[in-house]
Amino acid sequence: MEVPEPRTVSRKAAIAGVYEHPARFVPDKTMFQIMAESARGALADAGLTIKDVDGVFCALGGMSIVTFCDYMNLTPNYVDSTAVGGASFVAQTTHAAAAINAMGNRGPTFMLFFREARWAARSGQEPVCQN
């Protein structure tokens, strides 16, 4: 009996760009403005542009991820807004690798780590979602 090769996404995806927004308190900007600046910074670090993006991962509840994609003028083939508390971005890393593998690596994806509740509390604005 032939043993099938194990399925793995190891070495099929990589983190290519990173950006940390320099401001910790920005009451004059919306959450999406900060997220957009961060996304563009990470893409620039990777040598990419927003036009290169094919997937978006961010722990925004409900339809907020779709609203964010619209805000960024994106039409990705894959979106993931899994929200499981502090481990959301760990889970999404696995989801992103699996999506890249399944889509045949058609284009870069990006993941945004954004603490919405903390931003909302500091800015005095209402959170988009209640995670």
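**Notes on the predicted fold**

1. In this protein, 60% of the contacts with a separation of 6 or more are between residues 24 or more positions apart; contact means heavy atoms within 4.5 Å. Please keep in mind that this is a predicted model, in which local features need pLDDT of at least 70 and side-chain atom pairs count only at pLDDT 80 or more, while totals for chains, interfaces and linings use all residues. Residues are numbered from 1 along each chain as its sequence is written, and side-chain values use heavy atoms, with hydrogens and water left out.

2. Here is the overall layout. The protein has four helices and three strands, arranged along the sequence as α-β-α-β-α-β-α. Helices (H or I, at least four residues) and strands (E, at least two) are DSSP runs, numbered from the N terminus. Of the 131 residues, 35% count as buried. Buried stands for under 20% relative accessible area, exposed for over 50%, and partly exposed for what lies in between (1.4 Å probe, protein chains only).

3. The largest nonpolar core has 15 residues, and F32, M35, V56, L60, F68, M72 and L74 touch the most other members. Such a core is a set of buried Ala, Val, Leu, Ile, Met, Phe, Trp, Tyr and Cys residues joined through side-chain atoms within 4.5 Å. At least two residues of this core come from each of α1 (31-45), β1 (55-58) and α2 (64-71), with α1 giving the largest share, six residues.

4. Leaving aside residues up to four places away in sequence, F32 touches L60, S64, T67, F68 and Y71. M31 also lies in helix α1 and is buried, with a relative accessible area of 3%. The C-alpha atoms of M31 and F68 are 9.7 Å apart, although 37 residues separate the two along the chain.

5. How do α1 and α2 pack? Their angle is about 65° and their axes are 11 Å apart. Axes here are lines fitted to C-alpha atoms, for helices over the stretch in contact, and angles run from 0 to 180 degrees between N-to-C directions. The crossing of α1 past α2 is right-handed, meaning that the near helix is turned clockwise from the far one by less than a right angle (left-handed if anticlockwise). F32, Q33, M35 and A36 of α1 meet S64, T67, F68 and Y71 of α2.

6. By class, this contact of α1 with α2 holds five nonpolar, three polar and no charged residues. Ala, Val, Leu, Ile, Met, Phe, Trp, Tyr, Cys and Pro count as nonpolar, Asp, Glu, Lys and Arg as charged, and the others, Gly among them, as polar.

7. Which residues of α2 are buried? They are S64, I65, F68 and C69. Viewed down the axis of α2, these buried residues fall within an arc of 140°, so they line one face of the helix; the arc is that of the directions from the helix axis to the C-beta atoms.

8. N73 sits in the loop between α2 and β2 (78-80) and is exposed, with a relative accessible area of 71%. Its phi is positive, about 60°, although N73 is not a glycine. Most residues other than glycine have a negative phi.

9. Finally, H95 belongs to helix α3 (residues 88-102) and is partly exposed, at 28% relative accessible area. Not counting residues up to four places away in sequence, H95 touches F57, D80 and T82. H95 and V79, 16 residues apart in sequence, are 10.0 Å apart in space, C-alpha to C-alpha.
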